[in-house]
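Please walk me through this protein chain, beginning with the order of its secondary structure and moving on to its core and its loops.

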Amino acid sequence: MAKVTATVKGSPLLHNGKRYDIGATIELDEAQAENLGIYLDIEDGKKQTGNKQTDGAKKTQQKDAGKGDESKVE
C-alpha cells in the first residue's frame, strides 16, 4: 500500500504508541490516513486538503498568468 505524508493539525495525535504534536510530520499508509484524516493535512498530491491547490489549479494559474503579455500587432 502506498505511503502518505501528512502534517498533524488541530490536536496532538497518538499513533502506534508515539505522540505527534500539532505541526509534526507523519508517514502513514493510505488506510490509516483515511481513518485519521480529520487530524491531518495530507501532503500527498492527490489527497491534498485545506487551502492547498491541486496541480490542475496551479497549471491554470500559470497559463492565465501568461495572458496579456502578448502585444497586438495591427
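**From fold to core to loops**

Read along the sequence, the protein chain of this predicted model follows the pattern β-β-β-β-α-β-α, which amounts to two helices and five strands. Of its 74 residues, 19% count as buried, and the chain exposes about 5,700 Å², of which carbon and sulfur atoms supply 46%. Among the contacts between residues at least 6 apart in sequence, 44% join residues that are at least 24 apart.

The interior is the next stop. In soluble globular proteins, nonpolar side chains tend to be buried together. Here the largest nonpolar core has eleven residues, namely Val-4, Ala-6, Val-8, Leu-13, Tyr-20, Ile-26, Leu-28, Ala-33, Leu-36, Leu-40 and Ile-42. The elements that give two or more residues to this core are β1 (3-8), β4 (25-29) and β5 (40-42), and β1 gives the most, with three residues.

Why does Thr-7 count as buried? Thr-7 has a relative accessible area of 17%, and the cut-off for buried is under 20%, so Thr-7 is buried.

Gly-10 is found in the loop between β1 and β2 (13-15), and Gly-10 counts as exposed because its relative accessibility is 69%, where the cut-off for exposed is over 50%. Although Gly-10 and Ile-38 are 28 residues apart along the chain, their C-alpha atoms are separated by 8.4 Å.

The loop between β2 and β3 (18-20) holds Asn-16, which also counts as exposed, because its relative accessibility is 68%. The backbone of this residue deserves a look as well. Most residues other than glycine have a negative phi. Asn-16, however, has a positive phi of about 50° although it is not a glycine.

Notes. Residues are numbered from 1 along each chain as its sequence is written. This is a predicted model: local features need pLDDT of at least 70, side-chain atom pairs count only at pLDDT 80 or more; totals for chains, interfaces and linings use all residues. Side-chain values use heavy atoms; hydrogens and water are left out. A nonpolar core is a set of buried Ala, Val, Leu, Ile, Met, Phe, Trp, Tyr and Cys residues joined through side-chain atoms within 4.5 Å. Buried means under 20% relative accessible area, exposed over 50%, partly exposed in between (1.4 Å probe, protein chains only). Helices (H or I, at least four residues) and strands (E, at least two) are DSSP runs, numbered from the N terminus. Contact means heavy atoms within 4.5 Å. Accessible areas come from the Shrake-Rupley method with a 1.4 Å probe; for residues, only the protein chains shown count as cover.
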